[in-house]
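Here are my quick notes on this one, for you to read with the structure open.

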Amino acid sequence: MKRILILLTSICFYFNSIASEPLQKEDFSAEFKKLNTLEAIVNANPALTIDSVIKEQPQLLKDLGINNEVKSSIGGDDPMKPAGFPAFWWGFCLGIWGILIVYLITDNDKAALNKTVKGCITAVVVYGGITALSYLIIFITALSSTAY
């Protein structure tokens, strides 16, 4: 049986090595040259913004394939949705860690922190209620099944 398993395993490895394509090295040097050119321009002009680069030299960004319409999901527009999730759920799901994460992401936004703390308190109440109900059911079941 061992010989059959070893034979089947070696056949599988053999066909897997034939079937897979060899790794192909891509040449990224041309794209890095374009990126280095953009970096040199930005370093030479510290007051330069992405909007001014788009207006003055759009070919730099076009060749790099940078999409200027993409916004970061961490620093979103809505302060009540750090990293795309409502602040309440950060506190409800992650508790104290959620409060810390929202504090760091939103840079001490009081309204978002307030919602996160409310979420954490709600989670504690819900968890405590479920736990108390479970113990109550166990206690009642134990009393009713006790034989005298």
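This is a predicted model: local features need pLDDT of at least 70, side-chain atom pairs count only at pLDDT 80 or more; totals for chains, interfaces and linings use all residues.

1. Let's start with α6, which covers residues 96-106. Its buried residues are G98, I99, V102 and T106. Looking down the axis of α6, you'll find these within an arc of 100°, so they line one face of the helix.

2. What do the buried residues of α6 pack against? Their partners are α5 (87-94) and α7.

3. The largest nonpolar core is made up of seven residues: A87, W90, I99, V102, A112, L113 and C120. Two or more of these residues come from each of α5, α6 and α7, and α7 gives the most, with three. As background, nonpolar side chains tend to be buried together in soluble globular proteins.

4. Last, have a look at T122, which sits in α7 (residues 110-144). Is T122 buried, partly exposed or exposed? Its relative accessibility is 30%, so T122 counts as partly exposed. Beyond its neighbours within four places in sequence, T122 is in contact with F88 and F92. T122 and F88 are 34 residues apart in sequence, yet their C-alpha atoms are 9.3 Å apart in space.

How values were computed. Residues are numbered from 1 along each chain as its sequence is written. Side-chain values use heavy atoms; hydrogens and water are left out. Helices (H or I, at least four residues) and strands (E, at least two) are DSSP runs, numbered from the N terminus. Buried means under 20% relative accessible area, exposed over 50%, partly exposed in between (1.4 Å probe, protein chains only). Contact means heavy atoms within 4.5 Å. The arc is that of the directions from the helix axis to the C-beta atoms. A nonpolar core is a set of buried Ala, Val, Leu, Ile, Met, Phe, Trp, Tyr and Cys residues joined through side-chain atoms within 4.5 Å.
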